[in-house]
Amino acid sequence: MSGKGLSRFSFAAIATGVLFISPAWGQIPGDSLVLEGDFVRTGVSSNGTLGVGGNTSPGFIFDATGAGAFNTSNDYLTPGTPQEGFSVEHDASGVYINNNSGGAAPMGPTSAPMVVPSGTSGFDNSVSWSGAVAGEFTIQHDYGLNNDSKNVQITTTITALSDLDNVRFSRWIDPDSGGTSSINTRGNAVIGFAEEDWVNSESETNGATLGLYSNDDVAHNTAISPGWSTDPDTYTAGSGDTVGDHTIGIGFDIGDLMDGESISFIYFYAVGADANDFVGLGSTYSGRAFTGNQGQIAESLDAYGGAAPAALQTILDTIDPLSDAEVQMALDQYAGAAYGSLPTAGLQHTTFYLSQMSGYLRGRMDPGDPLASSGYAEVSAESAMQLVSYEPSAARGSTGGCCTSHRAWISGYGLGGSAQGDGNADGFSYGLGGTQFAVEESISRNWAAGIWGNMAWGSVDGDTLGERADIENYHFGGHLVGYDGCDYWIALAGAGYDKADIRRNINVGATATARGNMDGWQAISYLERGRSVRHCGWNVQPYAALQYVYLRQNSLVETGAGALNLAIGGVDAHSFRSIMGGRFSTDRHLRNGRRLTPELRAAWIHEFLDTNQVVSNNFAIGGAGAGFAVRGVDLKSDWGLFGCGVSYQANAASRLFAGYDLQVNDVQTLHVGSGGVEFVW
């Protein structure tokens, strides 16, 4: 991924039936999408083919200067009778053909072309299309184009809806840049492409060349068809070289697929100024990467050009003959994306303990109760064992006593849960235990101030990659709470130290464990405004809050894995979240004179900033390889927080409390149990 700027898409349809009109390109049909970089401008039609349909530009245009100056007279696809498409057949079917030239599309679209975010796809520009033949199979094409690339990568996935025998697939095009006649060849000895991997068409008019390439493990071959064949068997059979207005194509011999079985394979449309302008297209790793993170580290490995430092090159030589799936696992293991997931996990934990702390403060605020006494014991002269009062002083009508002015509490909690992988970074399970405390003193009738601390220890374990981080947090700060009639304020601020010992287990290409000792810190602020209202024996507390956290994860260099040790860049993560929720509680007086207070609580949390973090890594061994940026897991931007709890007033100076909380969205679930004790004096 080039990282040169924003993705460049032109939507052909904002809604069904609406056309996009551009003075430079003319009218583009609805449900099509234009995909554009610095060198290539093309389209993806509603039928999943390249080009926006028929003779309408853009079909497939190349600007050799990389300036984005696309000349429609050099369009490979739109002149004459356009032909670009794909076909599928199996032993119990005819040939299913989707062709850019128009007509029926038997592999009917189940989804119009859709933009895929660069953080997920790994490309500056990416489009996904899917279709199906009812009862037989579904098919999906994922198109990727980086701004600085001359290659459009296509990942095709076919999933059987019933048992299919001898499945074949082909992709083909009639290239006509500058004229209809081309020099069509298979393979290229100059740049080391085998005939089964590469077929190209070089324009006799301007020399511009377009080719199809794959080094995928799925059996494949290339061919040239003077008769413009759309049959996969033509392309899996191979052919000789030709000169003329012919199609070029690539065919994949997939074999049998069982009901529910899927297969994916990768190939490229590539363009160049001449037939030898494709050095680097057949890179061992970029062409085999599937996810964005894999693509990033693959580009770094390709930059070595087969001449990595000796120890690293030995490992790369070991993985070269492996299957694509094994190479993709190696890329994931080598990338160190866990260092991008750790800040996300840390921010989630901070949000949790701030919600716990603000909940403790919120729970002692009854309507109009002065903070000089609210939540504190007022011990009557008549009894040394009065309950902590949660009624305003005036309402109690106490006949004498003293007003407590200090308060302290300590609690422990255990947290466990999981976050799903996002298709790019690995998911993780999360286990953590901690304790937090606060000491507070009233500073006026309606205001109190205090100090607080949180200490936690736990682990984050990867789902599939054998990565683990043992983590520690030590955070401290101060808080201020105050009343304004029935309304209240809660303000918290603090900072703290974070530490993690990370282990990455590697077993593809080498057997090693990379170890990293990471430290960092957080700065924390939280502001809440709420109201306490009594109704029919219930205390109802709606509230809204804003939370900002800055998390710094320092750079480090791993040890223990030799050539696969990484130099990990520092991470500066910013989180700005809103919380809107409510608490519902009621007092129950027991026969022993004690008070039991059950409660329910719920909140919605929204993240306004990045939902996953990027870490810049490099191989510590050095050499010519470029650095690579990988993303941690994405936990989305919205969560629900639900909980219940109970407190028990043990005597005039203390109470016990316990609770359960659930933080959840469609990719993450965290369960938390907590309990503690509070004292007043």
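In which strand does Arg186 lie? Arg186 sits in strand 14, residues 182-186. Strands are DSSP runs of E with at least two residues, helices are runs of H or I with at least four, and both are numbered from the N terminus. This is a predicted model, where local features need pLDDT of at least 70, side-chain atom pairs count only at pLDDT 80 or more, and totals for chains, interfaces and linings use all residues. Residues are numbered from 1 along each chain as its sequence is written, and side-chain values use heavy atoms, with hydrogens and water left out.

**Two buried residues**

- Arg186 counts as buried because its relative accessibility is 10%. Buried means under 20% relative accessible area, exposed over 50%, and partly exposed in between (1.4 Å probe, protein chains only).
- The Arg186 side chain makes a polar contact with the side chain of Asn221 at 2.7 Å. It makes another with the side chain of Glu195 at 3.5 Å. A polar contact is a pair of N or O atoms within 3.5 Å; within protein, one must be able to donate a hydrogen and the other to accept it, and residues adjacent in sequence count only if both atoms are side-chain atoms.
- Ile250 lies in strand 19, residues 247-257. Its relative accessibility is 0%, so Ile250 counts as buried.
- Ile250 and Thr222 are 28 residues apart in sequence, yet their C-alpha atoms are 4.3 Å apart in space.

**Salt bridges**

- Side chains of opposite charge can pair when their charged atoms come close.
- The count comes to 26 salt bridges. Each is a side-chain nitrogen of Lys or Arg within 4 Å of a carboxyl oxygen of Asp or Glu.
- Glu36 pairs with Arg41, with the closest N and O atoms 2.4 Å apart. Both Glu36 and Arg41 are buried.
- Glu678 forms a salt bridge with Arg655, with the closest N and O atoms 2.0 Å apart. This pair links distant parts of the chain: Glu678 is in strand 40 and Arg655 in strand 39, 23 residues apart.
- Arg601 is partly exposed at 21% relative accessible area, whereas Glu599 is buried at 16%.

**The lining of the largest cavity**

- Helix 6 (338-362) is among the elements that each supply at least two residues of this lining. Strand 40 (668-680) is another of them.
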